[in-house]
Amino acid sequence: MSVPIPHIIKTDITAVKLFGNIVLAGIGSWAHVYDLVSNKLLQTVHALRGQKIYGFIPSKDERNIIIFGGKQFSIASIDWSFDGDRKVLRLNPRVGPIICDDWLHAVVWTKEEEIAALTAHNVVQVWNTSQERLITSSHSKDNSILYSGCLVPLDDDVLVLAGTVFTDVIIHACSEAEPLMSLKGHRGVIFSISCDIQKQLIVTTSDDRSIRIWGPSTTVTTPANTKEYWKTVAYDSKYEVYGHTARVMRSYITDDLIISVGEDSVVCFWDFQGNILKKNMAHQNGCIWSLDADRNNLVTGGGDSSLVLHPLTVAKEYGEHEILHADVGNPKKIYFTTRRNIVILNERDELQFYDVELKSVTETHKLAHESTYKLMSLSSCKQFVAVADMAGNLDVFAETCKGEPTLRKLVNTKLKFGKILSMHWAGNRHLVVCSDNGNITVLASKGNEVETVTNFFLPQSKERWLTAAGIDSKSRLFAVGDRCGNVHIYIIGKNNPVKTLNKVHGRYGPTSITIKNNGIITTGRDGTIKHFDLTNDTVKYMKSIDLNFEWVEKFLDKNENIVCGFQERVFVVYDITNRSKLVEVPCGGGHRSWDAVRYIEQIQDNYDEFIKLIYLKNSELHESIFQLGKIVSRNIVNGSHTKEINCLQSHLLEDKSAMYFISGGEDTTLRISIYNTENGPSFHDSAIFKHLSSIRTVKTFNLDNNKILLVSAGGRAQICIKVIEFKDIENKLTVESEELVDYQVKGTDKERKGNQNWKSCGVDFDPEMRMMDIEVIKVDHGKFLIVAACSDAILRLYEFEYSDNKNSFKPAGEIKYHKTCILKTKTFRFQDKDILITCTTRGQVAFWNVTDNLTSNKIEHHINSNDAKPFYMTTTNKSGINSINAKELSKEEVIFATGGDDNAIHVNYIKFKEFKCVEKQGTKVDNFHCSEVTGLSFMDRNLILSTSIDQRITLSKYEINDDGLTCNFVSQRYSDVPDIQGIDVICETSDNATVCVFGKGLEVLNVDKPR
Amino acid sequence: MGKTSKDKRDIYYRLAKEEGWRARSAFKLLQINEEYNIFDGVLRAVDLCAAPGSWSQVLTKKLRQNSEAEDDVKIVAVDLQAMAPLPGVKQIQGDITKLSTANEIIKEFEGLKADLVVCDGAPDVTGLHDIDEYVQSQLLLAALNITTHVLKNGGVFVAKIFRGKDVTLLYSQLKQFFSFVTVSKPRSSRNSSIEAFVVCQNYQPPDGYVPTMANPLLDHKYCDFNEFTGPNRFIVPFNACGDLSAYDSDTSYSLLLEGQTTYEYREPVQAPINPPYKEILDKTKNIDIRK
Ligand SMILES: C[S@@+](CC[C@H](N)C(=O)[O-])C[C@H]1O[C@@H](n2cnc3c(N)ncnc32)[C@H](O)[C@@H]1O
């Protein structure tokens, strides 16, 4: 990253436009131009001022484009050029932004230098774009407020379709005040109207969750692009269809599809008869605001700040499905082999080999088994097939690597250690067999026989057998899963587990175990993937990845990124890095026999990725093949939080090569995002952790170079503590995490349920409060005091100890001093002590001496006592304080500033003698912001940076002289981030500061300091 | 989640049920009154965007105290949504931004003008802050336009306002019609909420101003005395209203409030009479999201 940090804006994407290989996206007031082939950002244009972009309207010849939003529009010319054989475009702003007197819902080109715009009061304005002049304004008779609208240029007029607050779409011609007709039927606000006059099709979407498809109910012979047609025709509702579980925001009509997008993050593809063809989840549960499509692709922009490209083939070519007809008897178990042939174990005690090329069974191996209870397992490379029965008869086969595929029998033997209860391959050479009484035998082949490599002992449990097994690359360490969800780790030569990880997965046990690069990765039927670290033979729990499907079975790739499983009856393939479902097949649940593989194959000149699934249904062998390029959506811009970010801390690496953002929000996620510019600017969430409720605060403490303690807290009285390490592995920045504490004041749901037995089941009178803010204060080596400001007015203290091999977290006291919700806290050093400030909803500010009065040996003394007192208390703002900052000026002097709901900033200077206030000066400014002040930061040279819900960032300067304290306006700028919740200073020089404001999205910008 | 969880989360929700108000919003109007005495001498009032009707309840209770004769009191309540009847309140169902609705209201006050107009209008928020703020401001301006027809000189107008990025445009516009404009946040309104209330006192339309419903009032644009950015934005004084001892809407309280020994769960006072699209919600409940 070159020294000045570039401008970054991530917020709702409210407008998109596709031009072949190029896509335009409206992100805040900036138009972004992306190349779809390289995913690169080609250009940004500041198209509007202080206003989001809601539409891009190119002229017919594609040489000009209107960019509009709110009350503004501007016009850019489009320069087309060639990059190799690809057409690329460049926008050249030409006109505007022009500010109209009302909100614009739709704009169209009517002539070469003339446009028509529909306002929110149902007025059509016609502008001459070269003279930048309003020519006419036509008012409709019905000028109630509109939520949406659509303009269609006719040969002799402009057709207006107006979506009202209440249920009706009113259609009129611009030149006439009297409406032509109303489309009645919706039961809520009309959010969007699309119209294709050639197809005589109108599509509306609404608050009422429905999509309506309207068409002519009378036959009119005049062409649909004339006023005459619209004067005579009548339209009615042809189809009323439901596909979304929340409000439907927009729709689009392509050659043969209707596409709708909604608040539920779903894209629905419909045919013109209202039949649903396909549904796709696209934006991490965030609302989808915008869409555009051409012949091949759909592009959507969402509330999670992402821009996603979807191949349109997904609607009609979702996989190839076939029933494989072959004489396979009554198949019981099926698996893919290395060469993607199929081995089938049937009820006739046969193992069959189905050749996929020849589409037939080419071999049948009779097994001589005694028991009908059979076990079958394939080695990790899928070359070796082991089949055993409960009595111990074992056969091992191998598929040939070259030439005609055949199955070769390697082993035929009888194991003599009692009833065989489970059998799993660990890697490619070891077969892990569990028999009666928890005896685990690890076998390897030797000639036609097997030999015992080692024996282990499985601890007592009910259903005492294994569910999965893994082995490390040195064949020294084994990890197995049992039916209670535990993972046991063994080392060759020792019978008992060297370590047991309790209850890693639910009661069905782990479904797969992978040991790799000093780590263990397990999957389970509890919807999670768990990571453990094995460095130096100590096992550390690192993290859990929560998936939105219950049954996670196994990885389909070598990088543990593509995982498959079941969501009830639907087979799911999921991409972990991109957090998206790749494939969904309703095949009937994971209890049937099934298998899946992933592979790359050449398709014409390109390579594409495929997923192939086989499963048994009604004794038939079904096969489904998915070409991912045809069905998988791809991010052009990565998403992040789907709702407001409440708290954020940035970390700039020392060499400024990259930046990390740690943020928590209303979407209950804590995210660590990495920004770097190595291959063009890129922003992606490297780690995501979930809380039970909204996250209100994150605080960090530097432990070491690139290693931090991360504390987050919020709703449902929850605090989580992690150690985060920023790593650079093979030139790729990654984040490693170790989860240490997940604590709820009133216990976790599980603990509470458990308690119900002995606790009377009456009403619990205590509210579950929210933790509003938190501070981490180091008190000793590896020892921290954590102070939590809570919504029930209590200040809660916790003691946290952390060292390499142990950590502990325990409550250390409650201070009941304030009477209302404590909103914000701040710590700073003063007289070499840690000072804590607490601020409330009533404008109170209290100063606490942490070092002398609240640190651990003292706290015990205060537990549940009411007499811990601040050394100084004052009231500044008229109501809630939403931001605070403070610093030491000298050994005796402190300056602090508070910003509140009353849109005022209070700056106070205080002189303390022995922690008693001896002098106070203060000033208040209430015209720097017109809404809640949510961020405040002191910079050098007496500068104060403040921000607010009003989307302004103000720089001011305080001065202390003989007349007292004053605070004066220096400069102000606007941010595109709505609902700003705070500001974080990333770095500061003598000339400027780079800051990040966050709220509904985030923006990184430079603020110049006065000379 | 138990049924008491909302009582726990929101003290005013719970108090509203205990005191018989249809919505917790009642406390906002009561607390504004504590600060500004907006009901003093008021007999005729308009309640715009009134459903489910807790402000109308407050108005009924307060205005009746101002007169011996019940007939002197006139309250007109308007909303898009149907509202359960309230004795003594004339109801109009309609869109306040629509000319026909406005005319209906104006007709009610031909002859005697209103002393007070209140508007608690809020749109169904989309989640896009600028649109939500715009639509809310249009409700406020529609209410102001109606006010210019029905409010007596010297009367009071109280309206909900979203303090978003362009709120100063509304402030400067209101200031043209009223001598005193302040913005208030009742203690029953959440700290984190964007909503506040403008209290506009002493209605004095500009000289020669002729009220017209033919065109909607459009909001101002930024200009010299009200810049887009800079020290000259038009900002009105702020007040926090409601007693300091009043409950705080951000604070989590125990179900057993101080001084209480028992707690009893109560049902809401007035269930919504026409829950929006109930049958549709039932329909979409079983939508298979994976088709
Ligand atoms: C916050 S509620 C009012 C609560 C009310 N003051 C009370 O105390 O019960 C906002 C109301 O605004 C109404 N509203 C929104 N847009 C409107 C419009 N264009 N015309 C009339 N009412 C509208 C909604 O129907 C909703 O009932």
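## The interface between chain A and chain B

In this structure, 85 residues of chain A are in contact with 72 residues of chain B, where contact means heavy atoms within 4.5 Å. The model is predicted: local features need pLDDT of at least 70 and side-chain atom pairs count only at pLDDT 80 or more, while totals for chains, interfaces and linings use all residues. Residues are numbered from 1 along each chain as its sequence is written, chains are lettered from A and ligands numbered from 1 in the order in which they are written, and side-chain values use heavy atoms, with hydrogens and water left out.

Chain A and chain B bury about 6,800 Å² between them, and 54% of this area is on carbon and sulfur atoms. Buried area is the accessible area (1.4 Å probe) that two parts lose on being put together, summed over both.

## Pairs that join the two chains

Between chain A and chain B there are 5 salt bridges. A salt bridge is a side-chain nitrogen of Lys or Arg within 4 Å of a carboxyl oxygen of Asp or Glu. Such a bridge is formed by Asp248(B) and Arg842(A), whose closest N and O atoms are 3.8 Å apart.

On the side of chain A that touches chain B, the elements giving two or more residues are strand 21 (235-242), strand 25 (276-281) and strand 81 (964-974) of chain A. Strand 81 of chain A gives the most, with 4 residues. Helices (H or I, at least four residues) and strands (E, at least two) are DSSP runs, numbered from the N terminus.

## The surroundings of the ligand

The ligand is surrounded by 20 residues, and the closest are Gly53(B), Ser54(B), Asp79(B), Asp95(B) and Asp120(B). Here a residue counts if one of its heavy atoms lies within 4 Å of the ligand. By class, this shell has 10 nonpolar, 6 polar and 4 charged residues. Ala, Val, Leu, Ile, Met, Phe, Trp, Tyr, Cys and Pro count as nonpolar, Asp, Glu, Lys and Arg as charged, and the others, Gly among them, as polar.

A polar side-chain atom of Ser54(B) lies 2.4 Å from an oxygen atom of the ligand. For Asp79(B), an N or O atom in the side chain is 2.6 Å from an oxygen atom of the ligand. Pro52(B) has a backbone N or O atom 3.4 Å from an oxygen atom of the ligand.

## Features of the backbone

Pro52(B) also takes part in a cis peptide bond with Ala51(B), with omega about 0 degrees. Pro52(B) is placed in the loop between strand 1 (44-48) and helix 4 (54-64) of chain B. In chain A, the peptide bond from Gly96(A) to Pro97(A) is cis, with omega near 5 degrees, and Pro97(A) is found in strand 9 (residues 86-99).

Key
Polar contact = N/O pair within 3.5 Å; in protein donor to acceptor, adjacent residues only side chain to side chain.
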